[in-house]
Amino acid sequence: MPAFLAPASGFIRRHNLLPLAFMLFLGMIFLIPRNQIYRTFLYLVVIPFFLLAVDRNTLAAVARSWVWRFAALLLLYMWLTVFWGQPTRNADYFNYARRALAIVVFITITAALVMIPGFKQRLFRWLIAVAAVTAIVTVGWVLFKGHWYSMYRFGAFGFSNANVAGAVYGVLLVGGLFYLVKAKSTPAQLWLSIAALIVMTIFIILTKSRGNWLALILTLALLMMLTDFRIMAGALAIVIAAGILSWTTGVFDLEQLLVRGDSHRLEAWLHFIEVWRGSPWLGVGVNYDPIFYAADGVGVWHAHNIYLAYLAHGGVPALILLLLMLGAAFRTAFASAQPEDCGLLAMLVFICLHGMIDFGIFIENADWQWLATWLPIGLIAGTEAAMIAQRTARPAESQSGVAATG
């Protein structure tokens, strides 16, 4: 680093400005509908702080993470599909490269911060608080505006789509169960965390996103076999009780949920299978416009299945890279899992289950996708990097101890 930047670097490190800027950036995604605002904050504040504060050893450790490597390869490959995909504008070559690079940088920053002891707990304490407050204010605003709550599907200020809101809240909820409820904290912090998680659970129900409900219930049920049964059973009971209470009090109408059917998912899956068959090996390109119109004239914008989406857009290599990234993530999540800390595993299970029935490829500028998908991947990559750093440090310590003894 140039000498004239050393004072700025030292100031950022001493005052922990990078973690603060990073958490503020994530909070802005919840609260600000205009994504250009928090994207500008990312480019002008978070990334410069990171470049000034990070050290080479941390970057080297992150680069040794297989989760990070496969994520970077997946994003690089998806950008390359622009060259052989659908006819494109010249600007697309730059725009998709910028998106892919920004996501890799975001994953790298997240991973580097995870190597700071206690950062995950601080991060989740902040995110859960922001999510709970956003949910309360959103519901209050909708009711103040006079919407009939039994008909309304709740989003949030930064997530106008209810399915998106439910996905973000679901990922953070299952992670927060461990990083807040099971973390060392004062009684006041514990009860505030539990209250915030209950608020988030109610908000997920109000989104009326059935895919998120199913993914949340299955995630909690699966984790019962791996972690503290009482915590997971209690969380699952709260989710089910909140759902029954919402139904019996008229917050949502069961008939309305059934009338929605599969929300064109079967048609979307069949359509994207046909798209993939047209270019099975290399895909139709990340810039392929996926919209099509269902039999009833409704426009469908994505595959409603992330695995099928990557297969259609990027062909067999994209699906393999996606599965390798998720496989490496599961390996790290299992290796780091303890009865009192399965937060990484919980988030990953939720993402993989929900990905079977919703969304498409995740290669957008900073938005909800970064919270729902790339943030957990970055957290897992950082955990793997920390584990690798510890393993490499032990032989060095042993050798120095032997040398000292001799």
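The model is predicted, with local features requiring pLDDT of at least 70 and side-chain atom pairs counted only at pLDDT 80 or more, while totals for chains, interfaces and linings use all residues. Residues are numbered from 1 along each chain as its sequence is written, and side-chain values use heavy atoms, with hydrogens and water left out.

The protein chain contains 16 helices and two strands; helices (H or I, at least four residues) and strands (E, at least two) are DSSP runs numbered from the N terminus. Of the 406 residues in the protein chain, 51% are buried. Buried means under 20% relative accessible area, exposed means over 50%, and partly exposed lies in between, computed with a 1.4 Å probe on protein chains only. Among contacts in the protein chain with a separation of 6 or more, 80% are between residues 24 or more positions apart, contact being defined as heavy atoms within 4.5 Å.

Helix α10 (residues 210–223) packs against two helices described here, α8 and α15. The axes of α8 (residues 162–181) and α10 come within 9 Å and cross at roughly 15°. Helix α8 is therefore roughly parallel to α10. Axes are lines fitted to C-alpha atoms, for helices over the stretch in contact, and angles run from 0 to 180 degrees between N-to-C directions. Angles under 35 degrees count as roughly parallel, over 145 as roughly antiparallel, 65 to 115 as roughly perpendicular and the rest as oblique. The α8 and α10 crossing is right-handed; a crossing is right-handed if the near helix is turned clockwise from the far one by less than a right angle, and left-handed if anticlockwise. On the α8 side the contact is made by Asn163, Gly166, Ala167, Leu173, Val174, Leu177 and Phe178, and on the α10 side by Asn212, Leu216, Thr219, Leu220 and Leu223. This contact comprises eight nonpolar, four polar and no charged residues. In this classification Ala, Val, Leu, Ile, Met, Phe, Trp, Tyr, Cys and Pro are nonpolar, Asp, Glu, Lys and Arg are charged, and the others, Gly among them, are polar.

Helix α15 (residues 343–354) packs against α10 at an angle of about 140°, with the two axes 9 Å apart. The two helices are therefore oblique to each other, and the crossing of α10 and α15 is right-handed. From α10, the residues involved are Gly211, Asn212, Ala215, Leu216, Leu218, Thr219, Leu222 and Leu223, which meet Leu345, Ala346, Val349, Phe350, Leu353 and His354 of α15. The contact of α10 with α15 contains 10 nonpolar, four polar and no charged residues.

His354 is located in α15 and, with a relative accessibility of 3%, counts as buried. Beyond its neighbours within four places in sequence, His354 contacts Ala167, Gly211, Asn212, Ala215 and Phe359. The C-alpha atom of His354 is 7.9 Å from that of Leu214, although the two residues are 140 residues apart along the chain.

Phe359 lies in the loop between α15 and α16 (368–405) and is buried at 7% relative accessibility. The phi angle of Phe359 is near 70°, a positive value in a residue other than glycine. Most residues other than glycine have a negative phi. A positive phi, near 60°, also occurs at His304, in the loop between β2 (299–300) and α14 (306–336). His304 counts as buried, at 9% relative accessibility.

Aromatic pairs are counted for rings of Phe, Tyr and Trp (its six-membered ring) whose centres lie within 6.5 Å; planes under 30 degrees apart count as stacked, over 60 as edge-to-face and the rest as tilted. The count by this rule is 18 aromatic pairs. In one of them, Phe22 and Phe119 are tilted, at 6.2 Å centre to centre and 50° between the planes. This pair links distant parts of the chain, with Phe22 in α2 (residues 17–31) and Phe119 in α7 (residues 119–144), 97 residues apart. Both Phe22 and Phe119 are buried. Trp66 and Phe70 form another tilted pair, with ring centres 5.5 Å apart and planes at 35°. These two residues are four residues apart in α5 (residues 66–80), so about one helical turn separates Trp66 from Phe70. Trp66 is partly exposed at a relative accessible area of 39%, whereas Phe70 is buried at 16% relative accessibility. One aromatic cluster is formed by Phe22, Phe25, Tyr38, Phe106, Phe119 and Trp370.
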